[in-house]
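Reader: Hi, I'm new to this one and would like to be walked through it slowly. Could you put it up so that we can look at it together?

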There are 2 protein chains.
Amino acid sequence: MHSLATLPTPALVLDRGIAARNMARMRDHLASVAPAVRFRPHLKTAKSIAVADMLFDGGRPPITVSTLREAEEFGAAGFTDILYAGGIAPQKLAAVAALRRQGINITIVTDNLAMAQAVSTAGDLPTLIELDVDGHRAGVAFDDGATLTAIAAALGPNFAGVMTHAGGSYALSDAQELAAAADQEAARAATARRLLEQAGHACPIVSIGSTPTGNAVRDLSGVTEFRAGVFMFGDLVMHGIGVCPLADIALSVLATVIGTYPERGLAIIDAGWMALSRDRGTSGQAVDQGYGLVCLSDGTPLGDVIVVQANQEHGVIGLRPGANGQLPAFQVGDRLRILPNHACATAAQHGHYWVVDGTDSVIARWERFNGW
Amino acid sequence: MHSLATLPTPALVLDRGIAARNMARMRDHLASVAPAVRFRPHLKTAKSIAVADMLFDGGRPPITVSTLREAEEFGAAGFTDILYAGGIAPQKLAAVAALRRQGINITIVTDNLAMAQAVSTAGDLPTLIELDVDGHRAGVAFDDGATLTAIAAALGPNFAGVMTHAGGSYALSDAQELAAAADQEAARAATARRLLEQAGHACPIVSIGSTPTGNAVRDLSGVTEFRAGVFMFGDLVMHGIGVCPLADIALSVLATVIGTYPERGLAIIDAGWMALSRDRGTSGQAVDQGYGLVCLSDGTPLGDVIVVQANQEHGVIGLRPGANGQLPAFQVGDRLRILPNHACATAAQHGHYWVVDGTDSVIARWERFNGW
């Protein structure tokens with residue numbers, strides 16, 4: 001089997017132990033804060049049956065997905081309780097109905113009357129109303145009782161509850177603010193539930209969540225389920241928010257040094273934006289990580305060494321602007337691991353994971369599915 | 001067969017006729033300017049045998065690739081003259097040698113002594129020295145005769161010539177400046193050739209090129225081959241540089257409207273950064289196209305309507321900041337096509353092309369290969 005010294009590069013590396021610990025920590029935290037709240041992990045980052053098998057120890061708990069493809073793949077692998085947690089095109093309702101006929105209890109989401117009317121004629125399709133709790137993205141304003149009630153009425157028996165995603169929490173970096181955002185999300189979802197119930201629409205599901213608020217939640221009163229996804233792998237954006245120590249980042253891109261320019265304080269690796277993604281999610285954070293933070297092949301972060309520039313298949317590594325010191329004396333052929341800004345985006349550039357568990361040995365290759 | 005009204009979205013759409021015309025125009029222009037110069041198109045954007053078959057009418061001309069995977073795939077499909085035009089890790093030399101043993105005449109590139117020494121012990125591996133002609137990326141300074149000579153000497157009989165990529169041309173947008181950049185690239189490559197020949201190293205190959213300079217080249221004296229890639233599909237970055245009218249962009253992402261917010265002047269489509277890529281290559285140009293320019297499903301651009309924000313699977317469309325007018329009254333279920341900032345990056349987010357030819361009818365599905 002391969003080791004990190006022999007894998008063809010660039011290669012997506014997943015540390016199994018780190019991911020399993022991330023999963024256990026979030027599960028245990030939610031269980032301690034709110035034991036009655038269902039945990040519904042989001043698999044849009046993983047997109048892999050093998051990863052799900054590892055994370056759930058072979059179990060088939062409730063999950064969240066972001067695409068029909070994920071619903072189909074995880075459904076075929078035995079997951080039977082799936083929330084398709086993104087707005088959906090009316091053209092996809094037939095495919096969702098087909099999954100339900102196969103025994104997969106898939107729930108969908110909408111935030112508008114046009115889709116609610118389409119859903120009402122599409123048979124048995126439990127549907128949540130997406131709420132806007134922080135002005136961050138799609139969704140009905142959580143306190144707009146008239147619109148909520150109109151959509152619930154149009155959904156008729158398919159109306160199953162409400163969901164939110166506290167996307168605004170991604171702009172925070174303080175534990176108190178994150179806890180407040182979590183509380184606010186729960187409270188606002190509960191407000192929407194109350195408005196709907198007052199109008200005569202029973203609201204059995206109240207689904208909230210995000211990775212930043214996951215470890216910060218204190219009070220989940222009125223909430224029935226919690227979702228989070230990227231926490232499984234972690235990334236530099238989550239690190240910048242303050243919810244993920246570097247040692248908890250399970251995902252990295254293995255690369256090889258292909259040129260050194262000590263006189264310019266730069267070196268070039270064979271991982272560019274094609275392998276790292278174009279995501280620059282840390283560019284607005286206190287610490288800009290460029291296209292990723294550089295580590296030795298054993299995972300040791302190299303302080304201020306980042307990928308300062310990315311071409312299609314080449315990354316330029318150097319010191320973070322303003323940093324003191326010198327670039328280490330890399331040699332052509334050296335192996336490095338790059339921690340990603342955004343795990344979802346970086347993983348999506350690859351067709352499979354090379355799996356390690358704290359050492360140099362590659363213990364498995366796990367396939368991903370991309371696309372729709 | 002599908003039409004653009006029935007394809008599951010998001011979907012990558014390639015207009016065959018536009019791509020074929022782009023190829024014919026570049027080939028004819030180069031043939032008229034410099035009939036003796038070999039044209040070696042870069043297939044890192046296409047990454048598809050079916051696309052290559054279309055572009056070359058089944059022929060197997062010299063090509064350029066950016067990854068070993070591309071070399072292997074195109075080699076297996078019968079291409080026998082391949083330039084692997086990126087710096088290469090020493091660990092990959094054995095795989096390159098294996099391709100050569102299969103009869104694929106693959107040439108590699110380096111810019112440093114460490115790799116040159118590795119190449120010298122790896123058998124028959126023709127190698128070009130990468131030149132830096134504009135300070136844009138890797139490469140030996142074109143006028144650094146001492147380093148050029150040292151690398152050529154280390155390569156020994158594997159030394160085959162020099163190559164450049166005028167990456168600096170991507171920052172230009174004026175035809176005169178582009179022509180000057182093209183002239184400069186050719187002249188500087190010729191300088192390097194002269195320095196090497198004066199030191200006793202015959203330099204049979206002088207390979208230059210880029211899409212921005214492709215249509216601008218006037219004088220290719222001293223050049224033996226010209227490379228360009230993204231011109232085949234075109235994109236908004238090339239449009240911003242001034243080398244690609246919108247009507248020449250062959251690639252788009254088909255999406256469906258899943259929510260409308262007329263009171264906010266926004267609508268949401270089911271194509272986010274996963275389908276469009278995170279590439280924001282137009283952000284530094286005179287016209288920032290957001291995450292892409294919105295067109296009707298027949299390809300008609302909608303003026304100032306762009307993708308103003310992208311989540312993983314959702315794009316928010318609205319008017320370009322500062323634009324006058326109103327967003328068209330989109331309806332849930334409407335089909336739109338998004339022109340990409342960067343064709344290489346957007347295409348890489350997809351596993352296949354849905355092929356059209358100027359109409360709504362989908363005439364084929366062509367597979368892509370991604371990865372390394």
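Author: Let us begin with β4(A), where six of the seven residues are buried, so this strand is largely enclosed by the rest of the structure. A residue is called buried if 20 or more other C-beta atoms lie within 10 Å of its own, exposed if 12 or fewer, and partly exposed in between, with the C-beta atoms placed from the backbone. Helices (H or I, at least four residues) and strands (E, at least two) are DSSP runs, numbered from the N terminus.

Reader: Before we go on, what kind of model is this, and how are things numbered?

Author: This is a predicted model, in which local features need pLDDT of at least 70 and side-chain atom pairs count only at pLDDT 80 or more, while totals for chains, interfaces and linings use all residues. Residues are numbered from 1 along each chain as its sequence is written, and chains are lettered from A and ligands numbered from 1 in the order in which they are written.

Reader: Ok, back to the strand. Which strands are joined to β4(A) by bridges?

Author: Strand β3 of chain A, residues 63-65, runs parallel to β4(A) and is joined to it by three bridges; Val65(A), for instance, has Tyr84(A) as its bridge partner in β4(A). Strand β5 of chain A, residues 105-110, is also parallel to β4(A), with four bridges between them, and here Gly87(A) has Val109(A) as its bridge partner in β5(A). Two strands count as paired if DSSP finds at least two bridges between them.

Reader: And how does the chain get from β3(A) to β4(A)?

Author: The chain crosses through helix α3 of chain A, residues 68-76, in a right-handed β-α-β crossover. Right-handed here means that, with the strands pointing away from the viewer, the path from the first strand over the helix to the second runs clockwise. A right-handed β-α-β unit is also made by β4(A), helix α4 of chain A (residues 93-101) and β5(A).

Reader: What about β5 in the other chain, say Ile106(B): buried or exposed?

Author: Ile106(B), which is found in strand β5 of chain B, counts as buried because it has 25 C-beta neighbours inside 10 Å. Leaving aside residues up to four places away in sequence, Ile106(B) touches Ala71(B), Ile82(B), Tyr84(B), Val96(B), Leu99(B) and Arg100(B), where contact means that the C-beta atoms, placed from the backbone, lie within 7 Å.

Reader: Switching topic: how many residues of chain A are in contact with chain B?

Author: In chain A 44 residues are in contact with 44 residues of chain B. On the chain A side, β4, α5, β11, α10 and α11 each supply at least two residues, and β11(A) gives the most, with four residues. That side divides into 17 nonpolar, 20 polar and seven charged residues; Ala, Val, Leu, Ile, Met, Phe, Trp, Tyr, Cys and Pro count as nonpolar, Asp, Glu, Lys and Arg as charged, and the others, Gly among them, as polar.

Reader: What relates the two chains to each other?

Author: A rotation of 180° with 0.0 Å of shift along its axis superposes chain A on chain B, with an RMSD of 0.0 Å, and that is the relation of a two-fold axis. The superposition is by least squares on the C-alpha atoms of residues with pLDDT of at least 70 in both copies. Of the residues of chain A, Arg278(A) comes closest to the axis, with its C-alpha at 2.5 Å. The copies meet through the same surface, because 100% of the interface residues of chain A are also interface residues in chain B.

Technical notes: Contact = placed C-beta atoms within 7 Å.
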